[in-house]
Amino acid sequence: MPLVYAGVCSHAPGIRGRADQADPVARAGLYAAFDAMGDAIRQSGAEVLIVVAAEHFANFFMNNMPSFAIGMADFYDGPIEDATWLGIDNFRAPGHKDLSLRVITEVMQTVDVAYAEEWKFDHGIAVPLSFLTPDYDLPVIPVNINCQGPPLTPLPRAWALGEALRRAADAVPEKVALVGTGGISHWPATPDSGKINEAWDRDFLDRWCRNDKAQLLAYDDTTVYADAGQGGFEIRTFISVSAAAGGAAGTVHFYTPIPIFAVGCTTASYQLR
Amino acid sequence: MSLYYVQKFLYELNRDEDLQTRYLAERLSVLDAYDLTAEETDALVEPDIGKLFHLGVNGQILMHFAALHGIEWQDYLQRMRDGIATHGPVREGVYAVTGYEGTTAHAAQLGQTSGAEPTRDRDDGDAPLQPRRGVR
């Protein structure tokens, strides 16, 4: 079936873990946007949710760091972080091993990916799932792009991954939804945590909504690091969703910098054709 | 200098509740399994969050080590600032400090409230710490 949904959202751990410290109006707006995104995924009829995330040394480390990895398990446990610290109870999310195998097999025709039959979800997936599928009743296939440990996955390869995921999703009979998670500009887990370059974010989101491949791939890590912090490296997940959207235009449903959440909190989606 | 092994230890500690239990009970014996300098071992055992940040430990790994020791978020951020002030810029890695007014002032500029206030719940090594309750 053709891909039924493509969107992106934030995944910062503070969204759940430091919820009580945020401005209540800003927090309520974000939470409502997440809920609306979950509603849209359900209304799409999605039978499985592929989450493209940028995990943070929960499963992959510099002893064997893949540029890309895709989960191939029947279930995934989380959060790997302390449940109280993250503000998300321990959970077991359903996977779809058979579909993972078929998706990975197709993706591998053009993109070399690692696969993993075990995977503990960190906040990169756990925070979005806590809103989008709070009952953990939709099978998930996790995908990771190395946005943390240099040398990082080149942006054109993140684009190629998105194209491959789209081709794979369209080739299977199941209805597939795709969500990319990450920050735009942010300096997470550093003394500058909370810093957000709103102008940079809005420019990026403009490129994302226009699905302008040339402009999305025009970034380089040196300028991203300077303008958007090391958290900005996570644009790879958003860019992969752009590629998967196949030229469709996008809409930002919510964007508000919330400093205690350490990111310009975002939900956005493409109008798939 | 063995930043890689400092981070590898923390990566494994963050994932393994049994290792957390053993580490909290006998830190030095657990660290013996890793190729660490005396400076790194001391910073881990203390724990000296600011020194570890200065050495280049990735904040995404370090924040969970801080949480394991009961260090509250704002205190964690302050300890990193203190580490930079005391020891100098981050020696290696991608976590440069660029300057920031802080979440409370930033939120005020945006017209938002913020309940974030620095606290100092320091672990002096005597508190009966418990392993985290994450997944195993």
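1. Lining of the largest cavity. By class, this lining holds nine nonpolar, eight polar and two charged residues. Here Ala, Val, Leu, Ile, Met, Phe, Trp, Tyr, Cys and Pro count as nonpolar, Asp, Glu, Lys and Arg as charged, and the others, Gly among them, as polar.

2. Basis of the note. This is a predicted model, in which local features need pLDDT of at least 70, side-chain atom pairs count only at pLDDT 80 or more, and totals for chains, interfaces and linings use all residues. Residues are numbered from 1 along each chain as its sequence is written, chains are lettered from A and ligands numbered from 1 in the order in which they are written, and side-chain values use heavy atoms, with hydrogens and water left out.

3. Cavities overall. The whole structure has four cavities of 30 Å³ or more. A cavity is a set of points, on a 1 Å grid over the protein atoms alone, where a 1.4 Å probe fits but cannot get out; lining residues have an atom within 4 Å of a point. Grid points are joined across faces, edges and corners, and a volume is the space filled by probe spheres set on the points.

4. Second largest cavity. Its volume is about 90 Å³. Twelve residues line it, and A:His56, A:Phe57, A:Ala58, B:Asn14 and B:His64 are the closest to its centre. Helix 1 (3-15) and helix 6 (59-68) of chain B are the elements that give two or more residues to this lining. Helix 6 of chain B gives the most, with three residues. Helices (H or I, at least four residues) and strands (E, at least two) are DSSP runs, numbered from the N terminus. The lining divides into five nonpolar, four polar and three charged residues.

5. A:Phe57 backbone. Check this residue in the model. Phi of A:Phe57 is positive, near 60 degrees, and the residue is not glycine. A:Phe57 sits in the loop between strand 2 (48-53) and strand 3 (68-71) of chain A. Most residues other than glycine have a negative phi, and most peptide bonds are trans.

6. Cis peptide bonds. The bond from A:Gly78 to A:Pro79 is cis, with omega near -10 degrees. A:Pro79 lies in the loop between strand 4 and helix 3 of chain A. B:Glu46 and B:Pro47 are also joined by a cis peptide bond, with omega about -10 degrees. B:Pro47 is in the loop between helix 4 (38-45) and helix 5 (49-55) of chain B.

7. Interface area. Chain A and chain B bury about 3,900 Å² between them, 58% of it on carbon and sulfur atoms. Buried area is the accessible area (1.4 Å probe) that two parts lose on being put together, summed over both. A:Phe61, A:Ala189 and A:Pro191 supply 17% of the area that chain A buries against chain B, more than any other three residues. The contact (heavy atoms within 4.5 Å) takes 47 residues from chain A and 43 residues from chain B.

8. Zero salt bridges link chain A and chain B. A salt bridge needs a side-chain nitrogen of Lys or Arg within 4 Å of a carboxyl oxygen of Asp or Glu. The side of chain A that touches chain B has 24 nonpolar, 14 polar and nine charged residues.

Conventions:
On a 1 Å grid over the protein atoms alone, a cavity is a set of points where a 1.4 Å probe fits but cannot get out, and a pocket is an open set with protein on both sides within 12 Å along at least five of seven lines; lining residues have an atom within 4 Å of a point.
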